[in-house]
Amino acid sequence: MEKYVYLFHEGNGNMREMLGGKGANLAEMTRIGLPVPYGFTITTQACNAYYESNKTIPELVEKQTLEALTRLEEKMGKKLGRPENPLLVSVRSGSVFSMPGMMDTILNLGMNDETVEGVAALTNNPRFAYDSYRRFIQMFSNVVLNIDTFYFEQLLEEYREQRGYVSDPELTAADWQDVIVGYKEIVKKHTRKEFPQDPKKQLFLAINAVFDSWNNQRAMVYRRLNKIPDHLGTAVNIQSMVFGNMGNDSGTGVAFTRNPSTGEPALYGEYLINAQGEDVVAGIRTPQPIAALKDDMPEVYQQFAETSHRLEQHYKEMQDIEFTVERGKLYILQTRNGKRTAQAAIRIAVDMVNEGIIDRKTALLHVDPDQLNQLLHRRIDDSAARKVLAKGLPASPGAATGQVVFNADEAEQLGNEGKKVILVRPETTPDDIHGIVASQAVLTSRGGMTSHAAVVARGMGKACICGCEAIKIDLKAGQFTVGDTVVNYLDTITVDGSTGEIMLGEISMIDPELSPEFQLLLEWADQERKIGVRANADNPEDAKKAFEFGAEGVGLCRTEHMFMDQKRIPIVQKMILADNDSERMEALAQLLPMQQGDFEGIFEAMQGYPVTIRLLDPPLHEFLPDKEELLVEVTKLQILNPESEELKQKEQLLKKIRQLDEFNPMLGHRGCRLGMTYPEIYEMQAKAIFYAAAILAEKGMEVQPEIMIPLVGHVNELKQMRQLVIESALQVQEETGRTFHYTIGTMIEIPRAALTADRIAEAADFFSFGTNDLTQTTFGYSRDDAEGKFLQSYIENKVLPENPFAVLDQEGVGKLVETGVRLGRLTKPSLKTGICGEHGGEKSSIDFCYKTGLDYVSCSPYRVPLARLAAAQATIRHQQNKQEVYTTA
């Protein structure tokens, strides 16, 4: 017979999936002898059985609940519903993962017209008894009977005004009796039934309500945000009530064993004398700091401090504890691992190692890598008021304030004048790069979290919000609107790239701080991890920042970004628009020293670490003006100035753009296909790399260039491009008299490359998996279109578990990566493999890379610390799993 109900002493802390986090902790605290009010837990399996039975409590669950209730009554010497010595219980939810405030709780269950008199007689405190009864009616009616709390609060407020009272404590027992009559009338009006008096009926209605609350709107939203699976269900905890509102020797509170904001090792929390738990949470009365309990109840404070220390030592984590004091006796109602800021998480982890509570590996597992973004970017002060104007996709973390500008040229001009600006565009293109550089942040009304704006901003460590469809941009008028609100050119706004929120005006910020504890934690991570961490860096500044953050090389240098500089764009366009080879070679000769200078700076910044340089990847039309905008300009000139030289030039340019225009540029004339058609472009780039290597070799500096051929789908493409690079290297070596070590590899970013990796490895020294494009080509999704049009609804409706451009799709794309690594190493056992898509900075994807045997991950410079920590966690977890398997065997 399946066991659905466990008394607290029958469970333990390892039964979270069955008892929920709260139930497992109550069982564990009972097991180690702490003062926990006794009770029992109905399991998460019972919740799932409830839903399978069409939202009906199964007979076996009901039978076991009644048996557990009898055991509880025997232990407490009280009985549910007995007037002379009534048992009162709380009914609380308890999911496997902490979901504070998301599901429902009922206190004082068992109260009715008879038991309230029994409580009054037993406590010699009628006011307390009737106050508890009215609280129960209000809470039960809201949670179980779905009557809005407003009606009860309104009646209570009107009653206070009639009696001339200012606050609830002024109400007498007789007053509460009058209020209870009014509360019952509210229930009858809304349900057309009397308030239920049978405590067992109350109990099962409450259990139903808690099970139902697993699928209330706020719980579903919280699960989606925090990636908690829907199938887990919630447990129900039935616990004997203790009362903090029985006089001045009673009270209730919530405390953390350490400060959750700073990590300081001191009790942090608050309490109220003569109050019940919801008074603290609801803010009905102003609580006292926990330190004041030392003066009010010194013995209780000492016991609580000792219990807090004991819980922290037992769970080896900072604890969030709820407690009640009933007539001088301390009861612990709940403990759980406390939520904290990134700053606090790091300090607590390091302090606990120094205090001997945990070891370094455990400390590394206690810090969530995603939290580190808080420390590497400016953020909005938590105490500042936010008036949110609109919300988009949180594409790049950090916060910024600036004046609104609508084009990249304005952003650059004002930025050079020292003004702080935020670039607002429908979407950005590579042409806007100079404006993004000059801006504090980027805001777009279209595009997804891996759009051009998002990728570039993340690489630069700038805040970015994409796909904010609520803003309607009028570029001609120089304004955007949200509903009736108009934001004009040079108006000030604040954006929070971590939440996607846009606010009017300036809001106070907190600057990033890299504490000594943070540096120490990352040093520990480097000692543990068995997978390398590199950075995606397209210029010397990014490379320098990546090196400061601990990158062990550059995993992706996108050379096309070097072409986007405003001073270079005319030369690039001249190269693209060339009518013959000599014109193209002339333009390439001008570009070569520019690229060479960039490579010298990146090699120098990396101080001997490897630098993977991807040769030109995007289609050539991306370097030319927008076709639609150019067409408008040509049409105007045809009407206003038909004989002008400018018109001839623009008509010629439009003709070339139309020639280069493609139906599907994502799958078109780009990557190595460009190199095959215009080998002189790749030759120029290869020579620029080798000239830079020769210059640094002269200075006595070691360099490790890794030249990457993009978008290879067939081994013959790689063979031809490999030969071109080798010949370029030989020419430069002959010219300079310098020799240098280099390798040639490819980016695996289309399925055929992964599936024929054994052949492609014949011509490759390394593979780098470009999982952004590999995800697009595997799913058949255009990234920006998918994120802008349907991907969010896919995630909300559980078609997909995650955005596959943010979190690697291990079932599909991951299989191609695994296949590529396996086949490649069949041909070349020592083949070096890495990942350089956006997934290289995401913790679950990094875990996958470790399992798959990749040598390194590469991510934007500002995600390098996150990747270092996540790589260490992956190493530790998988080593622990191996150890467990070995021990079991």
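Select cysteine 557 first: it stands opposite isoleucine 613 in strand 26. Keep in mind that this is a predicted model.

**Stop 1: the barrel**

Eight strands close into a barrel, in the order 24-25-26-27-28-29-30-31. The pairing is parallel. On average, neighbouring strands of this sheet are turned by 25° against each other, direction ignored.

**Stop 2**

Select residues 554-558, which form strand 25. Is this strand mostly covered or mostly open? Mostly covered: five of its five residues are buried.

Look to one partner, strand 24, at residues 532-536. Strand 24 runs parallel to strand 25, and two bridges join them. Pick asparagine 536 and find leucine 556, its bridge partner in strand 25.

Then turn to strand 26, residues 610-614. How many bridges link strand 25 and strand 26? Three, again in the parallel sense. Valine 554 marks one place to look, opposite valine 611 in strand 26.

**Stop 3: the largest nonpolar core**

Select Phe599, Phe603, Phe690, Ile709, Val725 and Phe767. Of the 147 residues in the largest nonpolar core, these touch the most other members. Next, show helix 27, residues 679-698. Helix 27 gives the most to this core, with twelve residues.

Centre the view on phenylalanine 690. Which residues does phenylalanine 690 touch, not counting those up to four places away in sequence? They are Ile707, Val725, Ser728, Ala729, Val732, Phe740 and Tyr742.

There is a second, separate core of 84 residues. To find this second core, select Ala46, Met139, Leu156 and Tyr183, which are among its members.

**Stop 4: helix 5 against helix 6**

Select residues 126-143 for helix 5 and residues 149-163 for helix 6. Their axes lie 9 Å apart, and the helices pack at an angle of about 150°. Angles over 145 degrees count as roughly antiparallel, so helix 5 is roughly antiparallel to helix 6.

Show the side chains at the contact. Helix 5 brings Arg134, Ile137, Gln138, Ser141 and Asn142. Helix 6 brings Thr149, Phe152, Glu153 and Leu156. By class, this contact has three nonpolar, four polar and two charged residues.

Stay on helix 6 and pick arginine 160. Is arginine 160 buried or exposed? Arginine 160 is buried, because its relative accessible area is 17% and the cut-off is under 20%. Leaving aside neighbours within four places in sequence, arginine 160 is in contact with Tyr165, Val166, Ser167, Asp168 and Leu171.

**Stop 5**

Most residues other than glycine have a negative phi.

Begin with asparagine 146, in the loop between helix 5 and helix 6. Its phi is positive, about 60°, although asparagine 146 is not a glycine. Asparagine 146 counts as exposed, at 67% relative accessibility.

Finish at leucine 490. Where is leucine 490? In the loop between strand 20 (485-488) and strand 21 (492-496). Leucine 490 has a positive phi near 75°. With a relative accessible area of 32%, leucine 490 is partly exposed.

Definitions and conventions: Residues numbered from 1 in each chain as written. Predicted model: local features only at pLDDT ≥ 70, side-chain atom pairs only at ≥ 80, totals over all residues. Heavy atoms only, no water. Buried < 20%, exposed > 50% of the residue type's maximum accessible area, 1.4 Å probe, protein only. Helix = DSSP H or I, 4+ residues; strand = E, 2+ residues; numbered from the N terminus. Pairing = 2+ DSSP bridges. Axes fitted to C-alpha atoms, helices over the stretch in contact; angles between N-to-C directions. Parallel < 35°, antiparallel > 145°, perpendicular 65-115°, else oblique. Contact = heavy atoms within 4.5 Å. Nonpolar A, V, L, I, M, F, W, Y, C, P; charged D, E, K, R; others polar. Core = buried A, V, L, I, M, F, W, Y, C linked by side-chain atoms within 4.5 Å.
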